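Welcome! Please take a moment to look over the sequence and the 3D structure, and then we can walk through them together.

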Amino acid sequence: MESAHINRITINPEICHGKPTIRGKRYTVDLILDLLSAGSTHAEILEDYPNLEEEDILACLAYARKVTKYSSYTKISV
């Protein structure tokens, strides 16, 4: 099921400077992850962004999991 979700994430240099987006729309993965990390619920995000679907949020989480699992790590300051 994760691969079906990942397919919703697209990267196009013409959209949002090549950042990963949801289904080619101008909703970036990092926007959704920021909202979730700030405490927004799935329902709140879907209410605020009616063009999104539950599967889009799950796709962002699956994408983040895959990126952090297979990428090298860099220390960041917070």
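## Thr-28 and its surroundings

The side chains of Thr-28 and Asp-30 are joined by a polar contact of 2.6 Å. A polar contact here is a pair of N or O atoms within 3.5 Å; within protein, one must be able to donate a hydrogen and the other to accept it, and residues adjacent in sequence count only if both atoms are side-chain atoms. Keep in mind that this is a predicted model, in which local features need pLDDT of at least 70 and side-chain atom pairs count only at pLDDT 80 or more, while totals for chains, interfaces and linings use all residues. Residues are numbered from 1 along each chain as its sequence is written, and side-chain values use heavy atoms, with hydrogens and water left out.

Where does Thr-28 lie? Its place is the loop between strand E2 (21–22) and helix H2 (29–37). Helices (H or I, at least four residues) and strands (E, at least two) are DSSP runs, numbered from the N terminus. Thr-28 counts as buried because its relative accessibility is 11%; buried means under 20% relative accessible area, exposed over 50%, and partly exposed in between (1.4 Å probe, protein chains only). Setting aside neighbours within four places in sequence, Thr-28 is in contact (heavy atoms within 4.5 Å) with Cys-16, Lys-19, Pro-20 and Thr-21.

## An aromatic pair

Searching the whole structure turns up one aromatic pair. Its members are Tyr-27 and Tyr-49, arranged edge-to-face with 5.6 Å centre to centre and 85° between the planes. Rings of Phe, Tyr and Trp (its six-membered ring) pair if their centres lie within 6.5 Å; planes under 30 degrees apart count as stacked, over 60 as edge-to-face and the rest as tilted.

Tyr-27 lies in the loop between E2 and H2 and Tyr-49 in the loop between helix H3 (42–48) and helix H4 (54–70), so the pair ties together parts 22 residues apart in sequence. Tyr-27 counts as buried at 16% relative accessibility, whereas Tyr-49, at 22%, counts as partly exposed.

## The chain as a whole

Stepping back, the chain has four helices and two strands, and along the sequence they follow the pattern α-β-β-α-α-α. Of its 78 residues, 26% count as buried. Among contacts in the chain with a separation of 6 or more, 42% come from residues 24 or more positions apart.

In H4, the buried residues are Asp-56, Ile-57, Ala-59, Cys-60 and Ala-62.
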